[in-house]
Amino acid sequence: MPAWVKGAATDIEAAIAAAADLLGAARTPVIAGLNAEVSAIRAAFDLAGRVGASLDTDGAAGTYAGLGALSRVGAMTSTPAEVVGRADAVLVLGTSPAKSELLGRIEATAPTRGRAAGAARQLLRLDSTNEGGVLTELARLRAYLRGHLAEESPIGALAATLAAAQYVAVLYDPAEIGEMGVETVQGLVVDLNDRTRAFSLAVSGGRNQDRAVVPVSAWTTGQAPRVGLGRRVPEHDPWRFDAARQVASGEADAALWIASLPTDRPDWLGQVPSIALVGEANPDAAEVVIAVGVPGRDIGGVLWNETRGALTYWPAQTGDPPRRTCPRPPPFWGG
């Protein structure tokens with residue numbers, strides 16, 4: 001297992017000792033990224049409880065766009081299996097969902113259940129290349145569905161197509177369209193349900209594991225991520241425990257970045273003494289860098305499976321026995 005301290009190659013024991021010294025000397029450390037298998041996420045929460053750290057995630061922008069809208073307007077959602085099995089019209093918003101594995105399944109199949117069984121599936125797109133961007137076009141689409149606009153236009157034709165479908169699925173990435181965009185999607189789904197059946201499904205073209213972190217955080221602390229354990233009880237605050245904000249303001253004095261699934265390293269990581277546990281190691285990524293196995297490639301691990309909409313076990317490519325399981329919730333951190 002390759003490891004480096006201040007850019008110099010070293011053995012794993014020395015790197016772990018340097019990392020422990022760095023975290024032990026910190027007063028307000030942050031643990032961020034959490035782009036890893038569930039066992040590593042659980043360990044990160046346990047460590048945060050021991051050293052009084054706060055936790056933030058790689059995909060927090062999308063998580064809080066979704067949670068913020070959910071808290072105000074609710075959501076009408078479906079599952080990947082339902083969309084693949086029932087939807088005869090799939091509206092893809094923006095560019096990120098087009099990169100997801102789920103869209104490939106949707107394109108390659110047709111509805112097999114419900115009222116739309118046997119019908120041809122229409123794949124429809126609404127992206128930022130349209131004048132005004134996704135949010136403006138969503139608002140226009142709702143105006144047509146509500147009868148506030150009636151002139152002929154591509155958006156008007158899209159509204160008519162959706163209203164005539166048997167089962168509509170709206171695919172979107174909360175990080176791409178933002179909180180207001182998510183609220184507008186939910187309003188669109190409500191409008192469509194006056195005419196037909198319609199549901200939303202959040203997907204992502206990225207590789208972050210925020211949808212694994214959210215339940216782990218809930219069963220571990222009773223809170224959503226962006227939670228602080230500095231006072232030995234969980235405190236949830238999306239603004240206060242934003243890792244980038246804490247580093248920029250000088251509140252955080254050390255950072256542990258966890259990304260066994262490769263993802264972009266944040267710019268703020270080099271602004272405080274830092275440790276990086278990463279699947280793709282760069283000696284200059286942090287003061288202490290330790291290369292770890294990539295789940296689903298080098299090691300087996302439980303990850304969020306977007307095509308199933310659930311936590312599933314991904315075996316290592318080197319021969320772990322294939323199985324599908326969900327981890328049992330651990331006891332409260334430190335207990």
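Two strands pair if DSSP finds at least two bridges between them. Strands here are DSSP runs of E, at least two residues; helices are runs of H or I, at least four; both are numbered from the N terminus.

A word on the source. This is a predicted model, where local features need pLDDT of at least 70, side-chain atom pairs count only at pLDDT 80 or more, and totals for chains, interfaces and linings use all residues. Residues are numbered from 1 along each chain as its sequence is written, and side-chain values use heavy atoms, with hydrogens and water left out.

Four strands make an open sheet in the order β6-β5-β7-β8, and the pairing is parallel. At the edges sit β6 and β8 (197–202), each pairing on one side only. Neighbouring strands here are turned by 20 degrees against each other on average, direction ignored. Angles in this talk run from 0 to 180 degrees between N-to-C directions, with axes fitted as lines to C-alpha atoms, for helices over the stretch in contact.

Now zoom in on β5, residues 89–93. It pairs with β6 (residues 122–126) in the parallel sense, over 5 bridges. Within that pair, V90 stands opposite L123 of β6. A helix joins in: α7 (residues 154–164) packs on the sheet and touches β5, β6 and β7 (167–172). Its direction makes about 140 degrees with that of β6. Touching, or contact, means heavy atoms within 4.5 Å.

Is β5 mostly covered or mostly open? Mostly covered: 5 of its 5 residues are buried. Buried means under 20% relative accessible area, exposed means over 50%, and partly exposed lies in between, using a 1.4 Å probe and protein chains only. In a regular strand, side chains alternate between the two faces of the sheet. In β5, A89, L91 and L93 point one way, V90 and V92 the other, and all are buried.

Next sheet. This one is open too, with 9 strands in the order β2-β1-β13-β12-β11-β3-β4-β9-β10, and its pairing is mixed. Its edge strands are β2 (8–10) and β10 (235–236), each pairing on one side only. Look at β12 (residues 274–278) and β13 (residues 288–291): they pair in the parallel sense over 4 bridges. There, L277 has I290 of β13 as its bridge partner.

Why does V272 count as buried? Because its relative accessibility is 11%. Leaving aside neighbours within four places in sequence, V272 contacts V247, A252, D253, A254 and A255.

Now the helices. Helix α2 (residues 38–51) and helix α9 (residues 210–221) have axes that come within 10 Å and cross at roughly 45 degrees. So α2 and α9 are oblique to each other. The cut-offs: under 35 degrees is roughly parallel, over 145 roughly antiparallel, 65 to 115 roughly perpendicular, and the rest oblique. From α2, the contact uses V38, I41, R42 and F45; from α9, the residues include A212, V213 and V216.

Last stop, R245. It sits in helix α10, residues 243–249. R245 counts as buried because its relative accessibility is 16%. Not counting residues up to four places away in sequence, R245 touches W239, R240 and E251.
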